[in-house]
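Here is a short briefing to read alongside the model.

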Amino acid sequence: MGGIVTRYLLIESRDPFGSTDYVRRCELAAALRADGADVTLFLVENAVLGTRAAARPQALEKLAKQGVQVLADEFALRERGIGSGEIAPAVKPTDLAALVGLLAAGARATWN
Amino acid sequence: MNDSRCLAFLLMDAPFEQARTATAFRLIDATLRAGIGARVFAYEGAVSLAVTRQKPHANAIHGRALEEEAHPTPHAWINALADLAREQGVPFDWVNCGLCVDERGADEAAPSARRGSPADFWKMAQESVNTLVIPTR
Amino acid sequence: MRVLQIIESAYRATLEEQDDTVLWFTRALRAAGAQADVLLQGSAVSYAVQAQDASGLRLGAWQQVHPPAIAEELAALIGSGARVAAIKEDLDERGIAARQLVADVELLGRKSLAGLFGQYAHVWKW
């Protein structure tokens with residue numbers, strides 16, 4: 001018998017190079033995923049500064065391998081001069097309409 | 001296609017101090033463009049978003065006169081969202097927390113904004129498909 | 001409808017608001033009928049410390065009459081039937097011992113968060 005899958009939308013706005021709780025948020029995303037939930041990490045504002053493939057550490061790649069969907073606000077990427085060729089493969093640029101879609105579908109959403 | 005769904009948002013930040021204001025407005029705009037209604041509860045500093053005494057200004061450093069600079073004012077953003085909601089035929093409700101308005105003297109508000117209390121936010125949350133709280137720092 | 005209020009930001013405008021505005025909001029939500037509980041994380045775990053004392057603020061001739069009484073606010077929330085929990089690892093990192101805390105604050109490990117979130121219709125982070 002199938003169960004209802006819980007969906008989480010973790011909206012991350014904080015600079016990964018300036019906040020220690022970014023690591024905590026990644027750990028939470030992984031833990032929720034390990035618990036069987038569908039988890040999306042949506043990066044906005046300065047959180048997109050961690051999306052370059054050449055950036056260290058590569059927390060986002062690890063999350064994607066664990067099954068967390070990692071999306072990034074296209075506007076925020078462009079605003080910060082992060083070109084499509086630079087972005088880590090784990091990260092999918094998208095627009096805020098995608099975020100609205102996740103909210104409208106009932107994902108439990110928190111903003112950090 | 002429009003439907004009767006709404007999303008509720010709680011904002012906390014005063015304008016002109018951080019990135020969250022612009023992102024929140026972009027999100028509400030995207031909600032309305034998706035044909036979904038938006039209910040906004042402005043808490044604490046966010047009640048200043050609706051203040052009609054905000055004035056645009058010229059910018060000598062940019063070399064631009066008043067009209068050219070076209071400096072944004074959040075109360076105009078709120079009115080623009082209300083207009084968009086009307087065009088889309090979906091609900092738009094902006095409620096300022098009344099006690100927050102009082103303590104900040106932010107009582108000259110955009111016509112699209114009304115005074116309320118946390119009970120209004122709870123009602124919004126119950127009547128919306130989902131609710132997003134955007135906290136301040 | 002059960003709501004989990006996650007509070008992480010601490011001592012932000014608490015002196016001029018004479019309270020923590022998210023704890024205050026939580027009490028207002030409960031008064032409006034919401035089943036709202038509180039999880040303290042990050043430096044907000046300090047809100048569970050019984051010995052907090054913010055009295056004595058004076059600016060010129062102005063003196064504060066009602067300083068914030070955060071520990072009492074938490075106790076009042078617990079007394080009203082709310083569940084108030086704090087992340088144990090965050091307390092440990094800050095050297096706060098369990099004996100220093102307001103009575104009946106639950107201590108939860110970070111690993112229990114996924115299970116905790118599943119108990120609530122809404123999880124709102126402040």
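B:Glu44 touches B:Met12, B:Cys100, B:Arg104, C:Arg12, C:Glu17 and C:Thr21, leaving aside residues up to four places away in sequence; contact here means heavy atoms within 4.5 Å. This is a predicted model, in which local features need pLDDT of at least 70 and side-chain atom pairs count only at pLDDT 80 or more, while totals for chains, interfaces and linings use all residues. Residues are numbered from 1 along each chain as its sequence is written, chains are lettered from A and ligands numbered from 1 in the order in which they are written, and side-chain values use heavy atoms, with hydrogens and water left out.

**Around B:Glu44**

- You will find B:Glu44 in the loop between strand 2 (37-42) and helix 2 (66-69) of chain B; helices (H or I, at least four residues) and strands (E, at least two) are DSSP runs, numbered from the N terminus.
- B:Glu44 has 3% relative accessibility and counts as buried. The classes are buried for under 20% relative accessible area, exposed for over 50%, and partly exposed in between (1.4 Å probe, protein chains only).
- Its partner in a salt bridge is C:Arg12, with 3.1 Å from N to O; the term stands for a side-chain nitrogen of Lys or Arg within 4 Å of a carboxyl oxygen of Asp or Glu.
- C:Thr21, in helix 2 (residues 21-31) of chain C, is buried, with a relative accessible area of 5%.
- Beyond residues up to four places away in sequence, C:Thr21 touches B:Met12, B:Tyr43, B:Glu44 and C:Arg12.
- The side chains of C:Thr21 and C:Arg12 are joined by a polar contact of 3.1 Å. Such a contact is a pair of N or O atoms within 3.5 Å; within protein, one must be able to donate a hydrogen and the other to accept it, and residues adjacent in sequence count only if both atoms are side-chain atoms.

**Where chains B and C meet**

- Chain B gives 19 residues to the contact and chain C gives 18 residues.
- About 1700 Å² is buried between chain B and chain C, 69% of it on carbon and sulfur atoms. Buried area is the accessible area (1.4 Å probe) that two parts lose on being put together, summed over both.
- In chain B, the residues that lose the most area to chain C are B:Tyr43, B:Trp122 and B:Arg137, together 37% of what that side buries.
- Three salt bridges are counted between chain B and chain C, and four residue pairs are in polar contact across the interface (both at pLDDT 80 or more).
- Helix 4 (98-104), helix 5 (118-127) and strand 5 (130-134) of chain B each supply at least two residues of the side that touches chain C. Helix 5 of chain B gives the largest share, six residues.
- By class, that side of chain B has twelve nonpolar, three polar and four charged residues. Here Ala, Val, Leu, Ile, Met, Phe, Trp, Tyr, Cys and Pro count as nonpolar, Asp, Glu, Lys and Arg as charged, and the others, Gly among them, as polar.

**Salt bridges elsewhere**

- Over all chains the count comes to 28 salt bridges.
- A network of salt bridges links A:Arg24, A:Glu27, C:Asp90, C:Glu93, C:Arg94 and C:Arg110.
- Within it, A:Arg24 and A:Glu27 meet at 3.6 Å, N to O. Both lie in helix 1 (residues 21-34) of chain A, three residues apart, about one turn of the helix.
- C:Arg110 forms a salt bridge with C:Asp90, with the closest N and O atoms 2.4 Å apart. C:Arg110 lies in the loop between strand 6 (106-108) and helix 5 (113-117) of chain C and C:Asp90 in helix 4 (residues 88-93) of chain C, so the pair ties together parts that are 20 residues apart in sequence.
- C:Asp90 is buried, with a relative accessible area of 5%, whereas C:Arg110 is partly exposed, at 21%.

**Positive phi in loops**

- A:Glu45 is not a glycine, yet has a positive phi of about 50°. A:Glu45 is in the loop between strand 2 (38-43) and helix 2 (59-65) of chain A, and is buried, with a relative accessible area of 7%.
- B:Phe16, also a residue other than glycine, has a positive phi near 70°. B:Phe16 lies in the loop between strand 1 (6-11) and helix 1 (20-33) of chain B, and is exposed, with a relative accessible area of 52%.
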